[in-house]
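Colleague: I have some questions about how the labels in this model were assigned. Can we take them one at a time?

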Amino acid sequence: MILAAGRGMRMRPLTDTTPKPLLVVQGRPLMLWSMDALARGGFHHMVVNTAWLGEQIEAHFTTWPHRPEGATLTFSHEGQDFGYALETAGGISRALPLLGEVFWVLAGDVYAPAFEFTQASVDRFVASGQLAHLWLVPNPSHNPEGDFGLSEDGLALNEAPVKFTYSTIGLYHRALFEPPWCETIPGNPQGTAAPLAPLLRAAMDAGRVSAELYTGPWTDVGTPERLQELG
């Protein structure tokens, strides 16, 4: 699942007329870097949630340049359905009927061109029995305190002397978005907007979230300056 519903307020005025995932990085829409990386890893069924200017995203990818054979895009149009974005957990809950038991989640506005989406990662995650597996990155200047710790045995921690930043790339089990972890009805027919962090933190406290550190190129394209730096 590719998260593409945000307004991108810090990117204004660029995002006043263009959704952030379609802003161009090195000649290509930002979210296309992740889409192509998923396809290279053999993950061809992609679900994209939208809200702000979501019709532009769907229209753009009706003619996906160099679409990998077998690749499909399905859209969860939160803006059309409810008039607003459902936040991360709410958006995933809304799209849950379109997803499998285990699925990738990543933000459409993060640039990580060398990240490898592999079946081996999925297999390890399934075998672990965990609810989520997160890729953490060294803290960028805009998030110096980090988000989560990482234990020696590979568990994500709420509290730790050293914390890293959540890359927004993770593997998830649908059980995290069902009771007792999540109160939102699967499919989110009522349009509940809900953040992801409380679910993750509750699961971390139960020892049900694993993590690893990723040190490849990674940028959260959250400001016009960061976009310009990528070229």
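Predicted model: local features only at pLDDT ≥ 70, side-chain atom pairs only at ≥ 80, totals over all residues.

Colleague: Why is Ser34 called buried?

Modeller: Buried means under 20% relative accessible area, exposed over 50%, and partly exposed in between, with a 1.4 Å probe and protein chains only. Ser34 has 8% relative accessibility, so Ser34 counts as buried. Ser34 sits in helix α1, residues 30–40. Helices (H or I, at least four residues) and strands (E, at least two) are DSSP runs, numbered from the N terminus.

Colleague: Why does Thr219 count as buried?

Modeller: Its relative accessibility is 18%, so Thr219 is buried. Thr219 lies in strand β13, residues 219–220. Beyond residues up to four places away in sequence, Thr219 touches Asp109, Val110, Tyr111, Arg226 and Leu230.

Colleague: What makes a space a cavity and not a pocket?

Modeller: Both are sets of points on a 1 Å grid over the protein atoms alone. In a cavity a 1.4 Å probe fits but cannot get out; a pocket is an open set with protein on both sides within 12 Å along at least five of seven lines. Searching the whole structure gives one cavity of 30 Å³ or more. The largest cavity holds about 80 Å³. Grid points are joined across faces, edges and corners, and a volume is the space filled by probe spheres set on the points.

Colleague: Which residues line the largest cavity nearest its centre?

Modeller: Lining residues have an atom within 4 Å of a point. There are 13, with Ser34, Val110, Ala112, Phe117 and Ile169 nearest the centre. α1 gives the most, three residues.

Colleague: How many residues in that lining are nonpolar, polar or charged?

Modeller: Ala, Val, Leu, Ile, Met, Phe, Trp, Tyr, Cys and Pro count as nonpolar, Asp, Glu, Lys and Arg as charged, and the others, Gly among them, as polar. The cavity lining has 11 nonpolar, two polar and no charged residues. The largest pocket, about 950 Å³, has 16 nonpolar, nine polar and eight charged residues in its lining.

How values were computed
Residues numbered from 1 in each chain as written. Heavy atoms only, no water. Contact = heavy atoms within 4.5 Å.
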